[in-house]
Amino acid sequence: MGMTTHSIMTNSEVQALARRQLHDYDARKPGMAFAEPAFHLALDDAYRVQIETAQMRVLRGEAVAGYKIGCVSAAVRRQLGTEHAVFGHLFASEIRASPAKLSADEFCCLAIEGELALILDADIDDVEEFREGPMRFVRSVFPVIELHHYIFRGPSPSAAEIVANNALQAGIVMPTERTPAGSGEPVELTVKISDHIDETAEVNPLETVHELATRLGAFGIEPREGEILLTGSPLPLYRVSLGDRVRVECGGVLAVDAVVA
């Protein structure tokens with residue numbers, strides 16, 4: 001696709017594309033630039049665009065609530081056409097409480113992932129310190145339903161399109177109850193969608209956080225105490241439609257629910 005991994009855009013070009021990205025996102029038509037045949041974006045520039053777009057949202061009054069890592073499993077990477085994990089921003093304005101009623105009109109091709117999230121109990125300002133003793137950085141762990149605008153406008157899915165579109169992030173549904181961090185051992189995560197999806201996978205919620213913090217650190221971002229980190233899922237994205245009921249369960253203890261209405 002003519003895409004490189006090195007920055008080739010000027011700061012003013014990044015800002016202009018970020019303004020366009022934000023306009024399209026607000027209109028529920030994310031990433032319209034990728035539909036243009038002549039449009040190409042380097043992966044490093046895609047991250048610059050994502051970060052600039054996030055800063056524009058902050059300047060207009062939105063708050064960054066945390067970050068996500070995506071494309072952590074081989075299955076999802078095949079599904080989305082990328083070879084690497086990616087990060088995205090999570091905004092407080094897009095967090096919903098379980099049980100949630102989701103309006104399909106609020107999303108562009110709504111899809112969900114079931115995964116584990118955590119709330120930080122300390123800043124991750126040293127990723128190697130986190131690697132050596134991760135549990136002391138974690139306040140609580142809980143399941144979430146991650147919401148996505150699941151659309152690709154380029155000729156095929158690409159990492160640059162995923163990244164520039166904030167890793168397809170469109171919010172989360174959180175449980176009202178959360179458990180303490182526990183031991184950090186793997187737990188079973190189950191995704192149920194109406195009567196047609198019932199899948200379970202074993203998940204270690206800490207396995208991907210070091211990589212997320214490392215990738216954020218490369219762009220000068222340090223995860224902070226109180227922020228939410230989404231840890232990715234070995235299960236795929238699932239498209240959902242009107243009437244679907246979604247439940248994500250963690251170890252048979254906690255659950256989070258949503259219905260598409």
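What share of the contacts in the protein chain with a separation of 6 or more comes from residues 24 or more positions apart? In this predicted model, such residues account for 77% of those contacts.

**View 1. The whole protein chain, with six helices and 14 strands.** The radius of gyration is 17 Å, close to the 18 Å that the globule rule gives for 261 residues, so the chain is as compact as a globular protein of that length. Along its principal axes the C-alpha trace spans about 50 × 45 × 35 Å, and buried residues make up 54% of the 261 residues.

**View 2. The packing of helix H1 (residues 11–26) with helix H2 (residues 43–59).** The two helices meet at an angle of about 60 degrees, their axes lying 8 Å apart, and the crossing of H1 and H2 is right-handed. On the H1 side the contact includes Val 14, Leu 17, Ala 18, Leu 22 and Tyr 25, while H2 contributes Arg 48, Val 49, Glu 52, Thr 53, Met 56 and Arg 57. Sorted by class, this contact has seven nonpolar, four polar and four charged residues.

**View 3. The buried side of helix H6 (residues 209–217).** Val 209, His 210, Leu 212, Ala 213 and Leu 216 are buried in this helix, and they lie on the same side of H6 because they cover an arc of only 160 degrees around the axis. The buried residues of H6 pack against strands E1 (64–70), E2 (86–91), E5 (110–120) and E11 (228–230), as well as against helix H4 (127–132).

View 4. Leaving aside neighbours within four places in sequence, Gln 169 is in contact with Tyr 25, Lys 68, His 89, Leu 90, Glu 94, Glu 146, Leu 147, His 149 and Leu 230. Tyr 25 also takes part in the contact of H1 with H2.

View 5. Most residues other than glycine have a negative phi, and most peptide bonds are trans.

Key
Residues are numbered from 1 along each chain as its sequence is written. This is a predicted model: local features need pLDDT of at least 70, side-chain atom pairs count only at pLDDT 80 or more; totals for chains, interfaces and linings use all residues. Side-chain values use heavy atoms; hydrogens and water are left out. Axes are lines fitted to C-alpha atoms, for helices over the stretch in contact, and angles run from 0 to 180 degrees between N-to-C directions. Helices (H or I, at least four residues) and strands (E, at least two) are DSSP runs, numbered from the N terminus. A crossing is left-handed if the near helix is turned anticlockwise from the far one by less than a right angle, and right-handed if clockwise. Contact means heavy atoms within 4.5 Å. Ala, Val, Leu, Ile, Met, Phe, Trp, Tyr, Cys and Pro count as nonpolar, Asp, Glu, Lys and Arg as charged, and the others, Gly among them, as polar. Buried means under 20% relative accessible area, exposed over 50%, partly exposed in between (1.4 Å probe, protein chains only). The arc is that of the directions from the helix axis to the C-beta atoms. The radius of gyration is taken over C-alpha atoms; the globule rule is 2.2 Å times the number of residues to the power 0.38.
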